[in-house]
Amino acid sequence: MNEEQRKQQGQIKSELNIERIKNTSSDDMIAKYFQTNYELQAPDIKKARKRRNEEVQFNYDFSIPEDMQAIGKDKKFLIRTYGCQMNEHDTEVMAGIFTEMGYTATTEVTEADIILLNTCAIRENAENKVFGEIGHLKPLKLENPDLIIGVCGCMSQEESVVDRILKKHQHIDLIFGTHNIHRLPHLIKEAMFSKEMIVEVWSKEGDIIENLPKVRKGKIKAWVNIMYGCDKFCTYCIVPMTRGKERSRRPEDIIQEVRHLVAQGYKEVTLLGQNVNAYGKDFEDLDYTFGDLMNDIHKIDIPRVRFTTSHPRDFDDHLIDVLAQGGNLLDHIHLPVQSGSSEVLKKMNRKYTREEYLELVRKIREAIPNATLTTDIIVGFPNETDEQFEETMTLVEEVGFEAAYTFIYSPREGTPAARKKDDVPEEVKKQRLYRLNELVNKQAAESMLTYKGKTVKVLVEGESKKNPDILAGYTEKSKLVNFNGPKSAIGKIVEVKITKANTWSLNGEMIESKIEVN
Ligand code: 5AD
Ligand code: SF4
């Protein structure tokens, strides 16, 4: 195609885009997409559970097609990320792909040639935020019909969401799923030259794509995927449907990535997975678990190793023994409990009881006496009684969580819990959340007070958000510390004497002579 033809095509596309936005879509159009472009990935728990036998394909051959390698020259991309670290890390991969295509990043929507919304489906309010943003972007598209707007991430894996976008948001050019990220160059090309909305959401969920480029957000801390998907099927959770089946990366690929990060000067890695403790369970040729992986990473010369998220059910004794070695394996464990009531846990399909959770905590504390525990809790699961909620409150006290992410239960279409009738009024749920948060805040503040006058090791991330004269970083136990110190400390692990404790952060003074040379 020569320059003139390309221009003409661009022109045609602009006009067609305008037409498409002006015309509200018809059901015919939706039917067409579902037959052609869209392989249905509706949440179907029965079908999903059978998937464990599917073979995992490993693909090491990612490359940008030649005709797409310079397509982003003089163009800018913007990715808005919602939700968890997994999404944040997917955004780093997509940024890597864009960069290899010649695009540069922007934070201004008005400057962008392509905007992607990397979405989260975990609760309804997360989805509402995205639909709000989709609406806000419409005028931009009308002003600049060549702008490409895409929706990706977990929401794209939901049939109802794709349906709603097709019906009501014709200014969206592109929808792609969590298994389709490596197809970004092809999808962008299609979106550039097609007059219709491109929808590519695969139901196939067994693949692992290695060697994807990444542009990481910082140079100090890095995320490393160790596995994808989840086969736990907690009854409230949409993740097993949006992220596919549990599949582990090969240990050598993970170790190589961590070594590479060390060589680049990174000081901390966080190993990522929806349920990291299930790592390796899907290997047919290898007897290698999460404990083994942590043991191998323990030997690598990186100062800090974290992991998230754990499932109590798969947290085995071997892992506890490995973590007890300390060193670069930090003693902050995020261990989502979800509820303190065995009856509710059963309804949630968590596969452990209150007593089993407490026993696990006892074992962890015995092996790692100073371990800091944090958690996730859902209040107002369908028909949760006052007594059951009180059990959550007593468990929080008994364990002494130093922080917790707390949520009101949000029904997710296609999950078993969403079909349950619920007799708990919204007001009661809000009241429960309020009380739980009061307790969590109290425990957080108390744990912070114990640091007053003590010296802690802080990995310095940069200037404090509120005051550029102050530095900020995190302790081994993930406490935020704001302190006075020289800018040369950024990227290093330094010792800081704590002078003041707040509920969610600490203030201090750096001990100058104690900059660790790494
Ligand atoms: N409603 C409320 N909270 C949820 N979570 C997962 N699904 C739901 C839901 N449907 C919470 C759990 C999980 C965290 C990431 O989000 O606590 O650990
Ligand atoms: Fe969802 Fe976590 Fe349960 Fe998996 S283990 S279903 S991601 S809450």
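Ligand 1 is surrounded by Ile122, Arg123, Tyr236, Gln338, Asp376, Ile378, Phe407, Ile408, Tyr409, Ser410 and Arg412. The model is a predicted one. By type, this shell around ligand 1 holds 6 nonpolar, 2 polar and 3 charged residues.

| Residue | Atom of the residue | Atom of ligand 1 | Distance |
|---|---|---|---|
| Tyr236 | polar backbone atom | nitrogen | 3.0 Å |
| Gln338 | polar side-chain atom | oxygen | 2.7 Å |
| Ser410 | backbone N or O atom | nitrogen | 2.8 Å |

How much of ligand 1 does the protein bury? Taken alone, the ligand exposes 400 Å². The protein buries 86% of that. Two elements, E15 and E16, each give two or more residues to the shell around ligand 1.

Now to helix H15. This helix covers residues 426-449, which makes 24 residues. From its first C-alpha to its last, H15 reaches 35 Å. That is close to the 34 Å expected at 1.5 Å a residue.

Which residues of H15 are buried? They are Lys429, Arg432, Leu433, Leu436, Leu439, Val440, Gln443, Ala444, Ser447 and Met448.

What do these buried residues pack against? Their partners are one helix, H14 (386-399), and the strands E15 (372-379), E16 (403-408), E20 (493-501) and E21 (505-510). E15 and E16 link the two parts of this report. Both give residues to the shell around ligand 1, and both pack against the buried residues of H15.

Definitions and conventions:
Residues are numbered from 1 along each chain as its sequence is written. Chains are lettered from A and ligands numbered from 1 in the order in which they are written. This is a predicted model: local features need pLDDT of at least 70, side-chain atom pairs count only at pLDDT 80 or more; totals for chains, interfaces and linings use all residues. Side-chain values use heavy atoms; hydrogens and water are left out. Helices (H or I, at least four residues) and strands (E, at least two) are DSSP runs, numbered from the N terminus. The expected span of a helix is 1.5 Å times one less than its number of residues. Buried means under 20% relative accessible area, exposed over 50%, partly exposed in between (1.4 Å probe, protein chains only). Contact means heavy atoms within 4.5 Å. A residue is near a molecule or strand if one of its heavy atoms lies within 4 Å of it. A polar contact is a pair of N or O atoms within 3.5 Å; within protein, one must be able to donate a hydrogen and the other to accept it, and residues adjacent in sequence count only if both atoms are side-chain atoms. Accessible areas come from the Shrake-Rupley method with a 1.4 Å probe; for residues, only the protein chains shown count as cover. Ala, Val, Leu, Ile, Met, Phe, Trp, Tyr, Cys and Pro count as nonpolar, Asp, Glu, Lys and Arg as charged, and the others, Gly among them, as polar.
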